[in-house]
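Please open the model in your viewer and keep the selection panel at hand.

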Amino acid sequence: MSENIVILMIGISTLLGAIGLLALIWAVRTGQFDDHSKFIDAVRHDNEEDLKDAAMMEEKKKAYKEKIKQEKREKEKNYRPAD
Amino acid sequence: MADIACTHCNLTFPEEVMIAEQQNNKQLFFCCKGCQGVYHLLNSEGLDTFYDKLGDTKLQPAIQSNEDLEKFDLEGFKNKYITTHEDGLCEINLIIEGIHCSACVWLNEKVLHKTDGVIETSINYTNNKAKIIWDPEVIKLSKIIETIRSIGYNAYPYDPKLQEERAISTRKTYYSRILVAVFGSMNIMWLAVAHYAGYFGGIQQSFKDILNMAEFVLATPVLFYSGWIFFRGAYYGYKNNIVNMDTLVASGALSAYIYSIYAMISQSGEVYFDSVVMIITFVLVGKYLEVLSKKHAVDTLDSLMGSTPTEVTTLKDGVKSLVSIENIIVGDIIELKPGEKVVIDGEVTWGQGSFDESSLTGENEPIYKKKHDTILSGSLCLDSVVHYSATKDASNSMLTSIVNLLEESITKKPRIEQLANTVSGYFSTVILIIALLTFVGWYFWADSFEQALIVGISVIVIACPCALGLATPMATLVGISVAAKRGILFKEASFLETMAKSDVLALDKTGTITEGKPSVVKSEYIEAFDPSLLYSLVSTSNHPISKGIKVYLENKHETLELLTIEEITSIEAKGIKAKYKNQSLLGGNAELMKASKLNIETDSHNALFFFTIDDTLVARFELTDTIREGAAKAIKNIQDLGVKVVMLTGDHEQSAQKVAKQVGIEEVYAKLLPQDKATLIDTFHQDGHIVVMAGDGINDAIALASSDISIAMGNGADVAISVSDIVLLDEKPESLYESYKLSRRTFGAVKENLGFSLLYNVVAVPLAVMGFVNPLVAALSMSLSSLVVVGNSMRIKSLKFKDK
């Protein structure tokens with residue numbers, strides 16, 4: 001058995017493990033484990049409809065951002081420097 | 001008659017009182033208009049799948065109320081609870097009331113999602129707190145609250161910055177650190193297996209280098225990321241000239257790490273990376289167990305603050321107006337309606353009524369106030385409209401000062417130095433000195449710098465206190481779980497130790513030693529009458545005396561029915577009057593009887609209740625607050641443990657002495673205001689006592705917060721529960737005794753564990769000093785000693801509570 005194989009084996013397995021670890025830490029940091037009951041109960045109500053809801057909320061957010069941008073543009077357009 | 005479940009809330013009622021309705025060949029029943037309204041609303045919105053999700057869960061009947069909605073749009077409210085984002089969106093944190101199950105959460109989220117202008121909602125399933133972000137240009141907050149109310153729930157605002165956020169973020173960082181530590185140590189373990197195999201069976205240097213390198217890569221993040229807490233602790237210790245456990249862990253792990261790098265590069269000797277990660281992981285897990293059992297956020301204090309009104313109705317030249325409480329000045333006339341909470345102290349100028357001052361004095365009996373009487377904020381107006389003039393402004397009023405005192409007390413809570421900290425302080429100093437001496441000794445004796453360094457480091461590594469670090473958390477964790485099974489909730493692990501050391505127990509009278517509600521002790525039926533009449537009469541009132549009579553009747557008579565009585569009027573602080581067919585019913589206290597010119601016997605220590613039909617006295621009841629079952633015995637047992645028991649109460653001297661005599665307490669302090677109780681606790685502190693305080697009301701909250709350990713009864717005021725360290729769910733006085741016993745047993749186990757880890761070091765350290773320790777021995781002994789500590793802690797479970 002050559003050294004390279006051992007390096008390869010240890011290297012790849014550690015890397016894969018580290019990716020899993022990072023994903024887990026990311027999940028903890030973004031609060032995905034904060035709500036114990038949601039973790040267990042919310043699954044029961046999870047269906048296509050909720051997905052639609054989530055998409056709708058995203059759209060609302062986008063629409064709002066769009067509105068803000070629009071207003072800004074309006075403001076800029078109407079801006080007249082003081083004479 | 002068969003009872004039928006309401007289609008909306010699932011509560012069961014007799015069929016004839018239900019509102020029946022026919023819809024698409026389906027027979028529907030509703031218990032009230034509120035439920036019916038919600039059902040149709042959900043149906044028309046296409047949200048009726050809610051009922052499938054709900055299953056058999058019972059809800060509260062929906063109450064439609066749209067009062068005080070305008071307060072949500074007022075400026076004062078906005079400044080206090082609403083945060084405005086940079087992009088113009090508003091955010092608020094709400095506690096939603098009435099949530100019973102996940103289906104309720106689903107419904108609330110769903111409805112809010114459908115509302116225009118609501119940009120984001122998330123509701124926590126565990127504590128029912130919601131975060132809502134909305135566009136103030138599209139929708140007003142009052143409209144959002146109205147939407148929540150329209151489906152049968154209610155919402156209060158709260159301020160999350162208080163404590164919650166900090167607690168959550170500490171827990172999260174610990175969690176990430178532990179994940180890294182566990183990941184690192186698990187991987188190093190399997191590399192170490194190859195290492196040890198090579199140690200015994202021979203291994204080529206080239207393979208050893210690879211293993212060393214891999215262990216180095218894994219150990220580095222564990223030491224510097226997960227172990228950061230220890231470096232920080234050691235640094236603070238160094239700044240304050242204290243040697244603590246963190247110093248030992250940090251110096252041990254770091255020196256082993258540096259030496260291992262040296263061994264790896266110079267290709268001589270063995271590496272200690274596995275010991276490095278193991279020390280960090282074990283001690284970190286111990287610390288995490290402590291953080292985990294720390295008091296969680298004060299959810300309920302939030303709801304108290306949220307339910308206090310931000311505006312009051314003032315009268316100026318006959319004009320009523322809503323004014324924010326901050327703008328009230330002394331002398332303003334304020335109008336109080338029935339059910340309103342007083343937020344500003346004052347003096348009655350017009351009207352009369354009963355006030356519930358239980359949050360200030362702990363006594364449940366309402367107090368009758370007439371013109372020129374003072375009203376204290378925090379009390380509740382029960383039955384009539386009263387005008388009063390403000391004698392203090394908002395910031396000086398009773399309620400505000402109580403809340404301020406409370407917040408102060410929580411942060412100033414005395415901390416008893418933990419035994420493990422004291423021990424590990426000395427221990428760390430001794431070990432560091434021994435390690436230094438060993439190094440110097442070997443350097444001169446063996447005349448080899450390298451040899452001396454290895455032995456010196458191995459002393460620190462082997463002594464490194466895995467067992468010591470686990471000694472306290474393991475024992476207290478087992479102690480806490482045993483307690484929880486018996487209905488005693490310790491909110492923080494260290495309380496077990498403090499409790500075990502305490503020598504004074506202060507008890508509140510009402511609600512702690514006694515039941516806290518009056519019950520009938522003597523009854524006299526002067527003439528025969530239908531008990532259902534009395535039952536119907538007292539059912540119309542929420543007064544504690546009426547409730548006491550009601551409970552008594554329910555226990556005594558089997559066949560009671562609610563008769564439809566008419567013209568019910570409650571006479572302030574005296575009683576109730578009503579009509580049934582042609583009979584006039586009257587129930588109330590002695591004063592009421594005298595007013596209707598009845599000759600009655602009023603000589604009694606207890607509260608009296610009389611019942612007349614058509615001006616003839618038919619029944620007489622004596623009520624008093626009864627002492628909890630087993631109180632005297634539990635107090636006796638606690639006194640036998642060598643703890644001094646005292647009683648603190650807001651009640652007057654006489655009744656306090658009476659109760660004290662019955663349960664065997666000698667020291668009694670009566671007529672105390674909330675602040676006085678806290679001052680008394682402080683006096684005990686100054687005398688060097690460690691004080692445990694048990695209470696149940698808001699009036700006890702400050703005293704609870706300033707005592708070393710505070711115990712609350714499970715059904716006490718929410719604030720009392722949230723500031724307390726231990727909650728007794730079953731409210732039995734025996735639980736007080738049990739918690740004493742359990743905490744002493746646990747503390748005993750902590751001592752045993754500490755003793756064992758010290759003993760282990762007495763054996764292991766000399767071996768290390770003589771240079772007999774290699775990485776394998778270090779790893780084995782560390783695991784073994786930790787196992788012994790865990791095993792010893794488990795023995796707490798076998799503690800017996802029953803008397804011999």
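Predicted model: local features only at pLDDT ≥ 70, side-chain atom pairs only at ≥ 80, totals over all residues.

Residues are numbered from 1 along each chain as its sequence is written, chains are lettered from A and ligands numbered from 1 in the order in which they are written, and side-chain values use heavy atoms, with hydrogens and water left out.

**The interface**

Stay with the two chains and show the residues in contact (heavy atoms within 4.5 Å): 37 residues of chain A meet 44 residues of chain B. Together the chains bury about 3,300 Å², 61% of it on carbon and sulfur atoms; buried area is the accessible area (1.4 Å probe) that two parts lose on being put together, summed over both. Between the chains there are two residue pairs in polar contact, both at pLDDT 80 or more. A polar contact is a pair of N or O atoms within 3.5 Å; within protein, one must be able to donate a hydrogen and the other to accept it, and residues adjacent in sequence count only if both atoms are side-chain atoms.

Now select helices H1 (3-29), H2 (36-41) and H3 (48-78) of chain A, the elements that each give two or more residues to the side touching chain B. Helices (H or I, at least four residues) and strands (E, at least two) are DSSP runs, numbered from the N terminus. H1(A) gives the most to this side, with 13 residues.

Next, select Ser185(B), which sits in helix H6 (residues 164-201) of chain B. Is Ser185(B) buried or exposed? Ser185(B) counts as buried because its relative accessibility is 8%, and buried means under 20% relative accessible area, exposed over 50%, partly exposed in between (1.4 Å probe, protein chains only). Its side chain reaches the backbone oxygen of Ala181(B) at 2.8 Å, and, leaving aside neighbours within four places in sequence, Ser185(B) is in contact with Val277(B) and Thr281(B).

Move on to Lys369(B), found in strand S15 (residues 367-369) of chain B. Lys369(B) is buried, with a relative accessible area of 9%, and a polar atom of its side chain lies 2.6 Å from the backbone oxygen of Thr374(B). Select Gly351(B) as well: Lys369(B) and Gly351(B) are 18 residues apart in sequence and 8.7 Å apart in space, C-alpha to C-alpha.

**The cores**

Finally, select Leu507(B), Ile665(B) and Ile711(B), which touch the most other members of the largest nonpolar core, a set of 114 residues. A nonpolar core is a set of buried Ala, Val, Leu, Ile, Met, Phe, Trp, Tyr and Cys residues joined through side-chain atoms within 4.5 Å. Helix H27 (residues 733-770) of chain B gives the most to this core, with twelve residues. A second, separate core has 48 residues, among them Cys9(B), Leu42(B), Phe77(B) and Ala130(B).
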